[in-house]
Amino acid sequence: MTQEFPTLTNDLLLRAARGEQTERAPVWVMRQAGRYLPEFRKTRETHEFFEICRSPTLATEITMQPIRRYAGLLDAAIIFSDILVVPQAMGMEVIMNPGPHFTDPLNTPADVEKLPREVDVEKELGYVFEALTLTRKTLAGQVPLIGFSGAPWTLMMYMIEGGGSQTRQKSKTWLFKYPEASKQLLERITDICVQYLIGQVNAGAQLLQVFDSNAGDLSPYDFSTFSLPYLKRIADEVREGLKVRQLPVVPLTLFAKGASPSLAASAGYDTIGLDWTLDPRDVAKVTDGIIDGRTITLQGNLDPVVLYGGREAIEREVKRMCSAFHDARGGACKAWIANLGHGITPGVDPEDMKFFLECVHKYSAVPSS
């Protein structure tokens with residue numbers, strides 16, 4: 001059943017995600033609700049990380065912290081959660097200590113049989129849906145609310161490695177040693193991601209982002225084999241599932257960090273997130289028109305470390321970034337969402353984040369002719 005929510009008053013993000021021209025680039029930041037904010041660290045003093053994720057009240061509070069702090073500067077809220085709630089829903093134990101740690105990772109394909117064959121997404125991840133609904137109402141239409149999921153390959157990597165890894169040796173070995181078992185696991189993860197993302201829209205999400213943060217660990221061939229088909233399934237089946245349920249068919253964003261932009265664009269998402277190693281002018285040449293002849297929205301892509309460089313550097317680099325995106329779009333502010341090229345890091349001064357947002361507002365606007 002579709003929820004009743006307050007009327008949205010700032011739709012810049014949604015218009016840009018649909019490929020429209022906007023008066024300036026909408027801006028938000030990956031991990032904008034997080035450890036760089038003193039109010040977040042204060043909450044964490046008395047609450048464990050996944051406790052916050054599982055509490056709709058606490059998750060709403062954390063999601064709203066940057067919206068309140070940067071009132072009028074952010075054009076979206078992203079629900080406070082974690083991509084690893086999906087493996088948790090599949091029966092795996094994950095703790096933050098301080099980074100993610102799986103107490104019993106998958107070592108061989110036989111270990112997959114320990115996981116439940118069927119997952120009741122509503123039951124296992126209902127707390128995320130409740131948080132989305134509460135947050136959407138709390139936002140009162142100020143800005144759109146973004147929901148998200150990890151991509152199947154990135155989630156599989158964590159489930160096998162047991163946490164972060166520099167080499168991805170265990171997970172990539174699976175791809176080469178157990179290719180069919182790997183595909184079967186990726187299918188199971190994909191099934192859950194589809195249900196999860198549809199449920200997020202039903203709960204109030206107005207745009208969805210899929211994080212394939214470890215896409216760049218795969219060769220183009222392996223990305224095409226072990227990531228791309230499942231990303232396509234998500235895009236196709238989420239859209240179809242939303243139509244069947246008579247829910248809004250919201251814009252979809254893919255952030256496949258390190259992957260070939262043309263391969264990422266072929267997954268069929270409305271927006272492609274760029275990391276800071278890519279020039280949007282080059283990306284636009286290979287992505288525009290690749291799907292049904294349409295312009296794919298680009299999102300990004302300031303190096304997060306610029307935020308440590310001082311005000312002069314932030315202004316200079318934001319101005320340069322905006323100029324590159326304007327060039328990619330023929331001098332227009334069209335089909336572009338401003339963001340960092342990855343998540344904001346914990347040591348950033350919140351006032352420097354504010355200055356970054358102010359600079360985007362200033363330099364992304366294109367003067368009327």
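Happy to! There are eight aromatic pairs here, if we pair rings of Phe, Tyr and Trp (its six-membered ring) whose centres lie within 6.5 Å. Planes under 30 degrees apart count as stacked, over 60 as edge-to-face, and the rest as tilted. Take Phe-40 and Phe-80: their ring centres are 5.6 Å apart and their planes meet at 50°, so this pair is tilted. The pair joins distant parts of the chain, since its partners are 40 residues apart. Phe-40 sits in helix H2 (residues 38–44), while Phe-80 is in the loop between strand E1 (77–78) and helix H5 (85–89). Helices (H or I, at least four residues) and strands (E, at least two) are DSSP runs numbered from the N terminus.

Phe-40 and Phe-80 are both buried; buried means under 20% relative accessible area, exposed over 50%, and partly exposed in between, using a 1.4 Å probe and protein chains only. Phe-40 and Phe-80 also belong to one aromatic cluster together with Phe-49 and Phe-50.

A word on where this comes from: the model is predicted, with local features needing pLDDT of at least 70 and side-chain atom pairs counting only at pLDDT 80 or more, while totals for chains, interfaces and linings use all residues. Residues are numbered from 1 along each chain as its sequence is written, and side-chain values use heavy atoms, with hydrogens and water left out.

Now for another pair. Trp-174 and Tyr-178 lie 5.7 Å apart, centre to centre, with 80° between their planes, which makes them edge-to-face. Tyr-178 has 24%, so it is partly exposed.

Let's move to the backbone. The peptide bond from Asn-97 to Pro-98 is cis, with omega near -15°. Pro-98 falls in the loop between strand E2 (94–96) and strand E3 (100–102). The bond from Gly-300 to Asn-301 is also cis, with omega near -10°, and Asn-301 lies within strand E8 (residues 297–302).

Next come two residues with positive phi. Ala-140 is not a glycine, yet its phi is about 55°. You will find Ala-140 in the loop between helix H6 (121–139) and strand E4 (145–150), and with 45% relative accessibility it is partly exposed. Arg-168, again not a glycine, has a positive phi near 55°. Its place is the loop between helix H7 (152–161) and helix H8 (169–177), and Arg-168 is buried, with a relative accessible area of 14%.

Finally, have a look at Trp-276, in the loop between strand E7 (271–273) and helix H13 (280–287). Trp-276 is partly exposed, at 37% relative accessible area. Which residues does Trp-276 contact, leaving aside its neighbours within four places in sequence? Its partners are Lys-257, Asn-301, Leu-302, Asp-303, Pro-304, Gly-341 and His-342, where contact means heavy atoms within 4.5 Å.
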